[in-house]
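Hi,

Here is the structure I promised to pass on. Have a look at it first, then read my notes below.

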Amino acid sequence: MSESELRLRRATVYDIDYLLALQAGPEVSPFLAVGRPSTHEELLPEIERSLVEPEAFGRLLIEIPIEREWRLAGAIGFERTNRRSRIARLGPLAVHPDFRGSGLGAAAIHELARILFAEFGYHRLEATVYGFNERGMVVVESAGFVREGVRRRAYWVEPDWVDGVEFALLADELEAEA
Ligand SMILES: CC(C)(COP(=O)(O)OP(=O)(O)OC[C@H]1O[C@@H](n2cnc3c(N)ncnc32)[C@H](O)[C@@H]1OP(=O)(O)O)[C@@H](O)C(=O)NCCC(=O)NCCS
């Protein structure tokens with residue numbers, strides 16, 4: 001799937017139930033950061049921050065056109081981690097199980113990277129994927145990210161310590177690809 005076949009829309013309070021249900025699903029939950037917001041009260045401040053500080057923080061919905069209507073297919077996020085060096089970190093990415101298998105995840109990352117580099121002026125985008133998430137790593141690399149290293153046994157994910165594999169994409173790498 002190409003980016004022209006999807007759009008990223010900023011989440012509002014009306015999307016909170018969808019986001020919580022998506023992230024809690026058994027085919028999504030094990031792969032996302034354990035400490036993420038999991039209740040309405042915890043997620044609301046993130047949605048508000050995304051609306052108030054659109055260039056520093058984002059909670060976005062992935063939408064695809066089906067029968068001439070935009071339909072929810074997943075979610076993606078980002079957060080600025082270094083203002084001076086213009087670095088952002090990829091936030092929670094999930095494609096709803098009904099919409100998997102056509103490269104939507106990589107296309108959504110690619111579209112987010114385009115926005116962050118071209119519209120918001122970022123220089124570098126970073127992502128961490130759990131070492132057991134083979135599909136997550138394939139998707140991040142399909143979007144052009146380069147594997148930079150491993151934070152060995154960095155995270156406690158019941159019942160064990162797991163690696164965090166670090167990836168990054170630079171603005172000129174996306175431009176070169178284009
Ligand atoms: C990761 C995720 C977003 C990808 O969804 P998607 O874009 O529909 O992914 P696809 O099914 O099209 O598969 C993407 C690639 O992974 C490959 N893949 C799928 N399962 C795999 C596995 N178990 N091991 C290795 N590769 C796998 C596919 O072959 C495909 O490769 P290709 O692009 O070279 O053909 C989705 O699976 C998801 O929401 N997972 C749960 C949350 C998560 O892991 N988020 C990412 C954290 S960084």
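Let's begin with the ligand: helix H4 gives the most to the shell around it, with 7 residues. Keep in mind as you read that this is a predicted model.

**Around the ligand**

In total, 22 residues surround the ligand, and the closest are Phe31, Arg100, Gly105, Glu134 and Arg135. H4 covers residues 134-142, and helix H3 (104-119) and strand S5 (94-95) are also elements that each supply at least two residues of the shell. What kinds of residue make up the shell around the ligand? It divides into 12 nonpolar, 7 polar and 3 charged.

**The chain as a whole**

Zooming out, you can find 5 helices and 8 strands in the chain. If you walk along the sequence, they come in the pattern β-α-α-β-β-β-β-α-β-α-β-β-α. The radius of gyration is 15 Å, close to the 16 Å that the globule rule gives for 178 residues, so the chain is as compact as a globular protein of that length. Along the principal axes, the C-alpha atoms fill a box of roughly 45 × 40 × 35 Å.

**How the strands line up**

S1 (residues 7-10) runs antiparallel to S2, and 4 bridges join the two.

S2 and S3 form a hairpin with 2 residues between them. Glu67 lies in that loop, and its phi is near 50°, a positive value in a residue other than glycine. Is Glu67 buried or exposed? It counts as exposed, because it has 5 C-beta neighbours inside 10 Å and the cut-off for exposed is 12 or fewer.

Next comes S3 (residues 69-82) with S4, which pair in the antiparallel sense over 4 bridges. Glu79 turns up again in this pairing, opposite Arg89 in S4. The hairpin of S3 and S4 has 4 residues between the strands. In that loop you'll find Arg86, with a positive phi of about 55° although it is not a glycine. Arg86 has 17 C-beta neighbours inside 10 Å, so it counts as partly exposed.

S4 also pairs with S6 (residues 124-130), in the parallel sense over 3 bridges. In this pairing, Ile87 stands opposite Arg124 in S6.

Which residues of S4 (residues 87-90) are on the covered face, and which on the uncovered one? Ala88 and Leu90 form the covered face, while Ile87 and Arg89 form the uncovered one.

**Inside the protein**

In soluble globular proteins, nonpolar side chains tend to be buried together. The largest nonpolar core here has 40 residues, of which Ile62, Ala108 and Ile109 touch the most other members. H3 gives the most to this core, with 9 residues. Leaving out residues up to four places away in sequence, Ile109 touches Ile76, Leu90, Leu93, Val140 and Ala143. Leu90 is one of the residues on the covered face of S4.

Why does Ile64 count as buried? It has 20 other C-beta atoms within 10 Å, and 20 or more is the cut-off for buried. Leaving out residues up to four places away in sequence, Ile64 touches Glu5, Leu6, Arg71, Ala73 and Phe99. Ile64 and Leu8 are 56 residues apart in sequence, yet 9.0 Å apart in space, C-alpha to C-alpha.

**One last detail**

Go to the loop between S7 (146-157) and S8 (160-170), where you'll find Pro159. The peptide bond from Glu158 to Pro159 is cis, with omega near 10°.

Happy exploring!

Technical notes
Residues numbered from 1 in each chain as written. Predicted model: local features only at pLDDT ≥ 70, side-chain atom pairs only at ≥ 80, totals over all residues. Near = placed C-beta within 6 Å. Nonpolar A, V, L, I, M, F, W, Y, C, P; charged D, E, K, R; others polar. Rg over C-alpha atoms; globule rule 2.2 N^0.38 Å. Pairing = 2+ DSSP bridges. Core = buried A, V, L, I, M, F, W, Y, C linked by C-beta atoms within 7 Å. Contact = placed C-beta atoms within 7 Å.
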